[in-house]
Amino acid sequence: MNEAGRGDQDLMVRAAWLYYVHGKGQEEVARDLKISRFKVTRMLAQARDAGVVKISIQHETSETLALADWLASRYGLAECILTPPFDEQTGSLDDETADRLARRGVGLAGANYLTRRLLGSPRLTIGVGCGRTMTAVVDAFTAFPKQNVRFVSVIGSLTRDVALNNFEVVRLAEACSGEGYFLPAPLVVDAAGDLGAVLRQRPVQASLALAREADFHLMSFGDCSPDAFLFRHGLLSAADLAELRAAGAVCELAGKFFDREGRLVDCGVNGRTIGIAPEDLRRTEVVMLAAGRSKADALKAVLKTGVVDRLIIDGELAGRLVTARPS
């Protein structure tokens, strides 16, 4: 089965799960999955015809869906989407290979989710983050024309190295024949005193204002390790990393760093980065992408910020996130 067919089947199973297990009506299922009620009715009929729905739901993703339900309940999420966990053979891979596969899986799930949202709304403005997992979504996204869609960066990205620029908004806009807006500012300024001058620029203010008006934000996060995007590419230095760790930082979200309890840390680095503010994210819908074995502690902190509404997570990371789950 190709990836598109598998995505349609998984959507059918989620519809059946919500309808038959959760007892939701077809209108509620359509609203939760951001699809039409007609499509829900058709998918439920397909699920019955295919034998997916019997006395209970018989499908290889049913355990994954149950874990997704538990995570959504545990962290107060509107929705949690899990990619299938690795099998025993795949689970023995080295961390780098496993993380690459995890990003690919979450990228596919994120692309399917993005397509569903685009098909379900006549017009959308979507805030877009950066990072390897976000790039995986764009790589997996299938182009199709969509009127009245705008993509806008939520974080500064301008550097002299084109490989580090956040051009995901441009690629998504081109794929949909829509509009793309990047934040015309660096992610990190040299000194805290420079921040105000950059933020006063009208193009920067216009992009941030558009990001605040987004219907939802699709983004990922980082941890505080030398391998994290900002440190690996030299946007922040080893001295910055040491300062952040000393302040108790464990995760990064839209260029800001938070401690284990999801609180913004008090350190100089947070006064030098440019991106949408945490309080703005809390006022809008945020769909968080999460992939990689080492991200469990950082993800727990991100979920405590109160920013995340929906989570798309790889199965192995989900298993590491759950330390004590009732049977």
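**Entry 1: a salt bridge to start**

I began with R232, which forms a salt bridge with D227, the closest N and O atoms being 3.7 Å apart. For me a salt bridge is a side-chain nitrogen of Lys or Arg within 4 Å of a carboxyl oxygen of Asp or Glu. R232 counts as partly exposed at 35% relative accessibility, and D227 is partly exposed as well, at 45%. I use buried for under 20% relative accessible area, exposed for over 50%, and partly exposed for what lies in between (1.4 Å probe, protein chains only).

A note on what I am looking at: this is a predicted model, where local features need pLDDT of at least 70, side-chain atom pairs count only at pLDDT 80 or more, and totals for chains, interfaces and linings use all residues. Residues are numbered from 1 along each chain as its sequence is written, and side-chain values use heavy atoms, with hydrogens and water left out.

**Entry 2: the overall picture**

I found 15 helices and ten strands in the protein. Helices (H or I, at least four residues) and strands (E, at least two) are DSSP runs, numbered from the N terminus. Of the 327 residues, 53% are buried. I then looked at contacts, meaning heavy atoms within 4.5 Å. Among contacts with a separation of 6 or more, 71% are between residues 24 or more positions apart. The accessible surface comes to about 15300 Å², and carbon and sulfur atoms hold 49% of it; such areas come from the Shrake-Rupley method with a 1.4 Å probe, and for residues only the protein chains shown count as cover.

**Entry 3: more salt bridges**

How many salt bridges are there by this rule? I have 18. In one of them R171 and D139 meet at 2.6 Å, N to O. This pair links distant parts of the chain, with R171 in helix α8 and D139 in helix α7 (residues 132-140), 32 residues apart. R171 is partly exposed at 35%, while D139 is exposed at 53%.

I also looked up E316 and R320, whose side chains meet at 3.6 Å, N to O. They are four residues apart in helix α15 (residues 315-321), so about one helical turn separates them. E316 is buried, with a relative accessible area of 16%, whereas R320 is partly exposed at 42%. Elsewhere, salt bridges that share partners join E79, R116, R117, E285 and R310 into one network.

**Entry 4: around strand β1**

E79 brought me to β1, where both faces are covered: E79 and I81 on one side and C80 and L82 on the other are all buried. In a regular strand the side chains alternate between the two faces of the sheet. β1 pairs in the parallel sense with strand β10 (residues 310-313) over four bridges, and I312 in β10 is the bridge partner of I81. Two strands pair if DSSP finds at least two bridges between them.

Next I checked L77, in the loop between α4 (62-75) and β1 (79-82). Is L77 buried or exposed? At 10% relative accessibility, L77 counts as buried. Leaving aside neighbours within four places in sequence, L77 is in contact with L71, A72, L303, V308, D309 and L311.

In helix α10 (residues 202-212) I found V204, S207, L208, L210 and A211 buried. Seen down the axis of α10, they fall within an arc of 160 degrees, so they line one face of the helix; the arc is that of the directions from the helix axis to the C-beta atoms. These buried residues pack against β2 (124-128), β3 (149-153), β4 (179-181), α9 (192-199) and β5 (216-219).

For α2 the buried residues are Q26, V29, A30 and L33. Their arc is within 100 degrees, so they too line one face of the helix.

α2 is followed by K34, whose phi is positive, near 60 degrees. Most residues other than glycine have a negative phi. K34 is partly exposed at 23%. S177, in the loop between α8 (168-176) and β4, has a positive phi near 55 degrees. S177 is exposed, at 58% relative accessibility.
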